[in-house]
Amino acid sequence: TGGGAVVTQHGGTRWFKGNTHTHTTQSDGDTSPREVIRWYAAHGYDFLALSDHNVPSEPAGVKKPNGADFLLISGEEVSVNFNGVPIHLNALDIGAALPPLCEETIAATLRANLEAIEQAGGLGHVNHPNFRYAISAADMLPVENLRFLEVYNGHPTVYNDGDAELGKQSVESMWDDLLSSGRKVYGLAVDDAHHFAEFHPGNANPGRGWIMVRAASLTARDIIGAIRSGEFYATTGVELADLTNSASVIRLRVQSPANTPCAIEFVGPGGHVLHALSGVEAEFRPSPGQGYVRARVRTGSGARCWTQPVFP
């Protein structure tokens, strides 16, 4: 199956590995679009969206080294300078450039750009809230059309885990605030790669975060449709051999890292852990009216994955 992962198929669907946020020499990356695409195709990815700043990418045909199909989804990082604060959103599967819109508040700016992306037929996700601590949960709570959020961004200057001493929330905690308010928001992991020429912890290298999408086929229509439906999980290295994710039961089995016991947690309103265990398999049955439940898996080395919330 896609991405080299051996995963259980469900009803004619299978899993595809992809990244929705990366950069090239079209904006502030160090490598050409052609070579960036080649890197992902050669490293087990099935699809990619190039997301240069305010520069739309166009789909192009490419094959993986083994001859399998590879999908390039059109994308753009709509980048707004809001009084010196970076407000960035990714626009996926769009047909033309979208100019950045700046409104009177951060919330209004997010709302206006997400609306423009949807009107263009695309899918919009809010990028790296903790990049320069630009976007808070309070900024996002009033944005009723916010449905997708980067829970993990692999750029070294993005502080996904926040800073308790500065009173800054983790992005995962912001996600829980949105979900606890009754919002249906899905979380993505991306690498936000800029540097392909030299690999170093201080560089924004590829391969740090991605999503696994369960879809009927490797087409933009099916991949984007599956993301819209929450048929995906986000990861920084933990991949699942099987996943059932419904309002009645969440059941998962970890495939990678190979059979290494993981901390598996089921998280509910307020970010509270409802059930936790150590192992490679887990099941949780949400109670009706529980608000939401999502699963989080962590390894001893720090790799993580997040399933999408269900709403019993």
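A residue is called buried when its relative accessible area is under 20%, exposed when over 50%, and partly exposed in between (1.4 Å probe, protein chains only). Helices (H or I, at least four residues) and strands (E, at least two) are DSSP runs, numbered from the N terminus. The model is predicted: local features need pLDDT of at least 70, side-chain atom pairs count only at pLDDT 80 or more, and totals for chains, interfaces and linings use all residues. Residues are numbered from 1 along each chain as its sequence is written, and side-chain values use heavy atoms, with hydrogens and water left out.

Helix α4 is a place to begin. This helix spans residues 171-180 and is mostly covered, with seven of its 10 residues buried. The buried residues are Val171, Glu172, Met174, Trp175, Asp176, Leu178 and Leu179. After α4 comes Gly182, which has a positive phi, near 100°.

The next topic is the nonpolar interior. In soluble globular proteins, nonpolar side chains tend to be buried together. A nonpolar core here is a set of buried Ala, Val, Leu, Ile, Met, Phe, Trp, Tyr and Cys residues joined through side-chain atoms within 4.5 Å. The largest such core has 52 residues, and those with the most contacts inside it are Phe47, Ile87, Leu110, Val126, Met140, Val213 and Ile223. Another core, of 33 residues, lies apart from it and has Phe196, Cys262, Phe266 and Phe284 among its members.

Two residues can be followed through their contacts, a contact being heavy atoms within 4.5 Å. With neighbours within four places in sequence left aside, Val213 is in contact with Arg14, Trp15, Phe16, Phe47, Ile223, Ala226, Ile227, Glu231 and Phe232. The other residue, Thr24, is found in the loop between β1 (14-19) and α1 (33-42). Thr24 counts as buried because its relative accessible area is 0%. Leaving aside neighbours within four places in sequence, Thr24 is in contact with Gly29, Thr31, Ser32, Pro33, Val36, Leu50 and Asp52.

Charged side chains come next. Side chains of opposite charge can pair when their charged atoms come close. A salt bridge is a side-chain nitrogen of Lys or Arg within 4 Å of a carboxyl oxygen of Asp or Glu, and by this rule the count comes to 13. In one of them, Arg111 pairs with Glu144, with the closest N and O atoms 3.1 Å apart. Arg111 lies in helix α2 (residues 106-119) and Glu144 in the loop between α3 and β8, so this pair ties together parts that are 33 residues apart in sequence. Arg111 is partly exposed at 25% relative accessibility, whereas Glu144 is exposed at 53%.

Glu118 and Arg228 also meet through their side chains in a salt bridge (3.3 Å, N to O). This pair links distant parts of the chain, Glu118 in helix α2 and Arg228 in helix α5 (residues 220-228), 110 residues apart. Glu118 is partly exposed at 39% relative accessibility, and Arg228 is partly exposed at 25%.

A further salt bridge joins Arg304 to Asp161, with the closest N and O atoms 3.4 Å apart. Here too distant parts of the chain are linked: Arg304 is in strand β18 and Asp161 in the loop between β8 and α4, 143 residues apart. Arg304 is buried at 17% relative accessibility, whereas Asp161 is exposed at 55%. Salt bridges that share partners also join Glu172, Asp176, Glu265, Arg294, Arg296 and Arg298 into one network.
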